[in-house]
Amino acid sequence: MPNNTNCLEHMKMRKLTTFFTALAVTLASSMALTSCGEDEDSPSYRRKQVDPAKVFTAGLPKGFDEWVIEYDTSGRVIRFDTKDKQNFDNTLTVEYPMEGKNGGYDVIITDPVNWTFYITLGENGFVDYCKQVYKDSLGDTGEGYDEWWFRYNSDGQMCWMKRTEGGNEVTDITYKDGDIIKVVQTSGDGIEDFTETINYGDNPIPNKCGAMFFDSCFSIDLDEMDVAYWAGLLGKATKHLPINEYHTWIFDDNGYAIAIGCSFNNYDHTMMW
């Protein structure tokens, strides 16, 4: 004859087991939904947050050369617009897709006429990798794109760059006390190899505003990627401004660089603060 007490105990155990199993399933579902519902306020997104203010500590630039810079409410660059629409009408847009969503990129910069930059950021918020897709390409293969890779020193300054153009061209940048003192470029074909020494004079001029023209001042072959610096994406500037017989700096009353003339290529740069 069955023991009623044992039967009751067995039924209680089965009910408890069913309850905890259901609870576990509910919690697991909740956690999965939380993970899939990650948004811009989540810690994993914030760790790569773009912040131009950490590059331009004295104030965000209003523009440089032919470009006027527009920011969103959080201080991120969203647009580069040409100053003189009659002579040069173009607008570069800067987008910040969700990090990690469907293998997406952190930043996308688009020149509607020429190219699009698809950018991933490192933990420091600066460009780690960029794929430059040209507008005249037939797709994402063949000669339709170039790639870029970047590294930074402990002060957040770019110290190494590689690009597929120029036969996998590599640029090594040496710093001393926060200033670039040597640039070495090597390429697969050996045609564009050189070493450049950078000088700052006997009385170095403080770089108060974060002015940085990689090509003209340091022979760092950035081409169109220079706009990424002015979006706060390519690391921090040198502590001082380079000086040589080719460069003439002009300053405002605050000591901010507002123009530089480069006599060796007859090219002038301007900045607005």
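Visitor: Let me start with a pair of strands: how many bridges join strand 9 to strand 10?

Guide: Strand 9 and strand 10 (residues 169–176) run antiparallel and are joined by four bridges. Strands are DSSP runs of E with at least two residues, helices are runs of H or I with at least four, and both are numbered from the N terminus. Two strands pair if DSSP finds at least two bridges between them. Please keep in mind that this is a predicted model, where local features need pLDDT of at least 70, side-chain atom pairs count only at pLDDT 80 or more, and totals for chains, interfaces and linings use all residues. Residues are numbered from 1 along each chain as its sequence is written, and side-chain values use heavy atoms, with hydrogens and water left out.

Visitor: Which strand runs antiparallel to strand 9 and is joined to it by five bridges?

Guide: That is strand 8 (residues 145–152).

Visitor: Which residues have the most contacts inside the largest nonpolar core?

Guide: A nonpolar core is a set of buried Ala, Val, Leu, Ile, Met, Phe, Trp, Tyr and Cys residues joined through side-chain atoms within 4.5 Å. The largest one here has 59 residues, and Phe80, Phe150, Ile180, Leu222, Trp230 and Leu234 have the most contacts inside it. Take leucine 222: leaving aside residues up to four places away in sequence, its contacts (heavy atoms within 4.5 Å) include Met158, Met161 and Arg163, as well as Trp148 and Phe150.

Visitor: What does phenylalanine 213 touch?

Guide: Phenylalanine 213 touches Phe64, Asp65, Phe218, Trp230, Ile260, His269, Thr270 and Met271, again not counting residues up to four places away in sequence. You will find phenylalanine 213 in the loop between strand 13 (205–206) and helix 4. Its relative accessible area is 4%, so phenylalanine 213 is buried. Its C-alpha atom is separated by 9.1 Å from that of tyrosine 229, 16 residues apart along the chain.

Visitor: Which residue has a positive phi of about 45° although it is not a glycine?

Guide: Most residues other than glycine have a negative phi. Aspartate 65, however, has a positive phi of about 45°. Aspartate 65 sits in the loop between strand 1 (63–64) and strand 2 (67–71), and at 11% relative accessibility it counts as buried. Serine 219 also belongs here, with a positive phi of about 60°. Serine 219 is in the loop between helix 4 (214–218) and helix 5 (226–230), and its relative accessible area of 24% makes it partly exposed.

Visitor: What does the count of salt bridges come to?

Guide: A salt bridge is a side-chain nitrogen of Lys or Arg within 4 Å of a carboxyl oxygen of Asp or Glu, and by this rule the count is seven. One of them joins arginine 79 to glutamate 70, with the closest N and O atoms 2.7 Å apart; arginine 79 is partly exposed at 28% relative accessibility, and glutamate 70 is partly exposed at 37%. Aspartate 72 and arginine 76 meet at 3.1 Å, N to O, and arginine 76 counts as buried at 16% relative accessibility. Aspartate 81 and lysine 85 meet at 2.4 Å, N to O. Arg163, Glu165, Asp221 and Asp223 are linked in a network of salt bridges.

Definitions and conventions
Buried means under 20% relative accessible area, exposed over 50%, partly exposed in between (1.4 Å probe, protein chains only).
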